[in-house]
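Subject: The structure we talked about

Hi there,

Here is the structure I promised to pass on. Please have a look at it first, and then read on for what I found.

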Amino acid sequence: MQIKTMTGTVFSAALLSLLAACGSSETKAPSPTEAPADTSAMPEAAAPAPAAPAAAPASAPTATPGSAPAAIDPSAAGAVTLASLTGDAAKGEKVFAQCKACHVAEPGVNRVGPSLHGVVGRTAGTVAGFKYSIANKSSGVTWAPDVLFTYLEAPQKFMPGTRMAFAGLKKPQDRADVIAYLKTKA
């Protein structure tokens with residue numbers, strides 16, 4: 001029994017040391033000889049506020065049926081925009097091979113997903129003969145190149161409720177290349 005208590009005490013002391021080490025230089029744990037700081041004005045579980053990050057991370061835009069998705073702030077630190085890349089249609093055709101299980105770029109040919117012929121500049125949910133999700137059909141999205149760039153990174157995050165199960169193209173250059181390829185299919 002004493003070993004358990006000692007182990008718990010050692011763990012607690014190590015945890016407290018770790019937490020104290022993680023604090024900023026402005027806040028330090030008082031030494032055994034120092035009087036603790038007056039915390040009577042602070043709420044019981046209050047902790048010092050963390051420093052604000054240099055730049056907020058870019059978050060995926062959201063959409064609800066009947067409303068357009070929110071735009072990502074391309075000025076966020078580390079964000080790569082389509083405008084900062086040069087798409088290569090030949091490379092994009094190779095990347096598009098991942099999409100061919102569900103899509104083709106020929107006009108009037110729908111598969112699990114709609115034909116992507118002429119998708120650049122088209123309004124979402126408008127290919128004749130394809131049954132779209134409510135989220136897609138009522139999104140009001142126009143597939144401009146920069147919108148496609150954001151969508152292709154994480155379709156489900158961009159348009160919650162879409163039936164497109166594809167996880168997305170994480171590499172910005174792959175997205176730029178696919179868009180360059182799709183522009184040739186208009």
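A quick word on naming before anything else: helices here are DSSP runs of H or I with at least four residues, numbered from the N terminus. In that scheme Gly-168 sits in the loop that joins α5 (155–158) to α6. Please keep in mind that this is a predicted model.

**The overall picture**

The protein chain contains six helices and zero strands, and reading along the sequence gives the pattern α-α-α-α-α-α. Of its 186 residues, 27% are buried. Taking the contacts in the chain with a separation of 6 or more, 45% are between residues 24 or more positions apart.

**How α4 packs on α6**

This helix pair is where I would start looking. Two packed helices are described by the angle between their axes and by the distance between those axes. For helix α4 (residues 145–153) and helix α6 (residues 172–183), the angle is about 130° and the axes are 9 Å apart. That angle makes α4 oblique to α6, because the roughly perpendicular range ends at 115 degrees and roughly antiparallel applies only over 145. The crossing of α4 past α6 is right-handed.

Which residues form the contact? On the α4 side they are Pro-145, Leu-148, Phe-149, Leu-152 and Glu-153, and on the α6 side Pro-172, Arg-175, Ala-176, Val-178, Ile-179 and Lys-183. Sorted by class, the contact of α4 with α6 has eight nonpolar residues, three charged ones and no polar ones.

Within α4, the buried residues are Leu-148, Phe-149, Thr-150, Tyr-151 and Leu-152. The buried residues of this helix pack against both α5 and α6.

Pro-145 also belongs to α4, but its relative accessibility of 23% means that Pro-145 counts as partly exposed. Leaving out residues up to four places away in sequence, Pro-145 touches Leu-82, Val-120, Ile-179 and Lys-183. With Lys-183, which is 38 residues away along the chain, the C-alpha separation is 8.7 Å.

Is Gly-168 buried or exposed? Gly-168 counts as buried, because its relative accessibility is 15% and the cut-off for buried is under 20%. Ala-167, which is found in the loop between α5 and α6, is exposed, with a relative accessible area of 57%.

Gly-168 touches Leu-152, Glu-153 and Pro-155, while Ala-167 is in contact with Glu-153, Ala-154 and Pro-155.

Ser-115 counts as buried, at 2% relative accessibility. A polar atom of the Ser-115 side chain lies 2.6 Å from the backbone oxygen of Glu-106. Leaving aside neighbours within four places in sequence, Ser-115 is in contact with Val-104, Ala-105, Glu-106, Pro-107, Gly-108, Val-109, Asn-110, Arg-122 and Val-127.

His-103 is found in the loop between α2 and α3 as well. With a relative accessible area of 10%, His-103 is buried. What does the side chain of His-103 have 2.8 Å from one of its polar atoms? The backbone oxygen of Pro-114 is found there. Not counting residues up to four places away in sequence, His-103 touches Phe-96, Arg-111, Gly-113, Pro-114, Leu-116 and Met-164. His-103 and Ser-115 are twelve residues apart in sequence, and their C-alpha atoms are 5.8 Å apart in space.

Happy browsing, and do write back with any thoughts.

Best wishes

Definitions and conventions
Residues are numbered from 1 along each chain as its sequence is written. This is a predicted model: local features need pLDDT of at least 70, side-chain atom pairs count only at pLDDT 80 or more; totals for chains, interfaces and linings use all residues. Side-chain values use heavy atoms; hydrogens and water are left out. Axes are lines fitted to C-alpha atoms, for helices over the stretch in contact, and angles run from 0 to 180 degrees between N-to-C directions. Helices (H or I, at least four residues) and strands (E, at least two) are DSSP runs, numbered from the N terminus. Angles under 35 degrees count as roughly parallel, over 145 as roughly antiparallel, 65 to 115 as roughly perpendicular and the rest as oblique. A crossing is left-handed if the near helix is turned anticlockwise from the far one by less than a right angle, and right-handed if clockwise. Contact means heavy atoms within 4.5 Å. Ala, Val, Leu, Ile, Met, Phe, Trp, Tyr, Cys and Pro count as nonpolar, Asp, Glu, Lys and Arg as charged, and the others, Gly among them, as polar. Buried means under 20% relative accessible area, exposed over 50%, partly exposed in between (1.4 Å probe, protein chains only). A polar contact is a pair of N or O atoms within 3.5 Å; within protein, one must be able to donate a hydrogen and the other to accept it, and residues adjacent in sequence count only if both atoms are side-chain atoms.
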